[in-house]
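Okay, thanks for coming, everyone.

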Amino acid sequence: LALENQALLAQMGFPPEAVRRILQAGLAKKAFSPDWRFLFRAVEAARQAGRSDADIEAAVLEAINKNKDLASAMERLGFTRRNMQNGPQTYQSEIAPK
């Protein structure tokens, strides 16, 4: 799962150092449960909502370090559980950037 996320995030042009920090933290905390498989979609949705890569990285690292799920990272970025009900691909149409 970590390698899959690394490849997908790199393909999206997410900063390599941010990818490295996220993967190192996730592996160290054994945080990559199955819901983290959709990290790339969450990154895409957050970018489309106007979030910076630095904000996305900070939210993801906070969730990992607090042993939270991907939804917690998205909540920190301003998405609600309701926004996420139908999957990450719906975020962009349901929330405006802060």
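**Helices and how they pack**

So, of the 98 residues in this protein, 43% are buried. Keep in mind that what you're looking at is a predicted model. What about contacts along the chain? If you take the contacts with a separation of 6 or more, 64% of them are between residues 24 or more positions apart.

Helix α1, residues 2–11, packs on α2 at an angle of about 165°, and their axes are 10 Å apart. Anything over 145 degrees counts as roughly antiparallel, and therefore that's what we call α1 and α2. The crossing of these two helices is right-handed. Which residues of α1 and α2 meet? On the α1 side you have A2, N5, Q6 and L9, and on the α2 side V19, L23 and L27. By type, that contact between α1 and α2 has 5 nonpolar residues, 2 polar and no charged ones.

While we're on α2, have a look at A18, which sits in that helix. A18 has a relative accessible area of 2%, and because the cut-off for buried is under 20%, A18 counts as buried. Now find A58: it is 40 residues away from A18 along the chain, yet the two C-alpha atoms are separated by 9.2 Å.

Leaving α2, you come into the loop between α2 and α3, and that's where K30 is. K30 has a phi near 50°, which is positive, and this is a residue other than glycine. Is K30 buried or exposed? Exposed, with a relative accessible area of 75%.

Next pair. Helix α3, residues 39–48, and helix α4, residues 53–65, pack at about 140°, again with a distance of 10 Å between the axes. That angle makes α3 and α4 oblique to each other. Their crossing is right-handed. The residues making the contact are L39, V43, A46 and R47 from α3, and D53, I56 and V60 from α4. Sort the α3 and α4 contact residues by type and you get 5 nonpolar, no polar and 2 charged.

Let me stay on α4 for a moment. The buried residues in α4 are I56, E57, A59, V60, L61, A63 and I64. And a quick reminder on spacing: an α-helix has 3.6 residues a turn, so residues three or four places apart point the same way. What covers the buried residues of α4? The cover includes α2 (16–29), α3 and α5 (70–76).

Last stop, just past the end of α4, at N67, with its positive phi of about 55°. N67 is in the loop between α4 and α5, and like any entry in this category N67 is a residue other than glycine. Its relative accessibility is 55%, so N67 counts as exposed.

Conventions
Residues numbered from 1 in each chain as written. Predicted model: local features only at pLDDT ≥ 70, side-chain atom pairs only at ≥ 80, totals over all residues. Heavy atoms only, no water. Axes fitted to C-alpha atoms, helices over the stretch in contact; angles between N-to-C directions. Helix = DSSP H or I, 4+ residues; strand = E, 2+ residues; numbered from the N terminus. Parallel < 35°, antiparallel > 145°, perpendicular 65-115°, else oblique. Left-handed = near helix turned anticlockwise from the far one by under 90°. Contact = heavy atoms within 4.5 Å. Nonpolar A, V, L, I, M, F, W, Y, C, P; charged D, E, K, R; others polar. Buried < 20%, exposed > 50% of the residue type's maximum accessible area, 1.4 Å probe, protein only.
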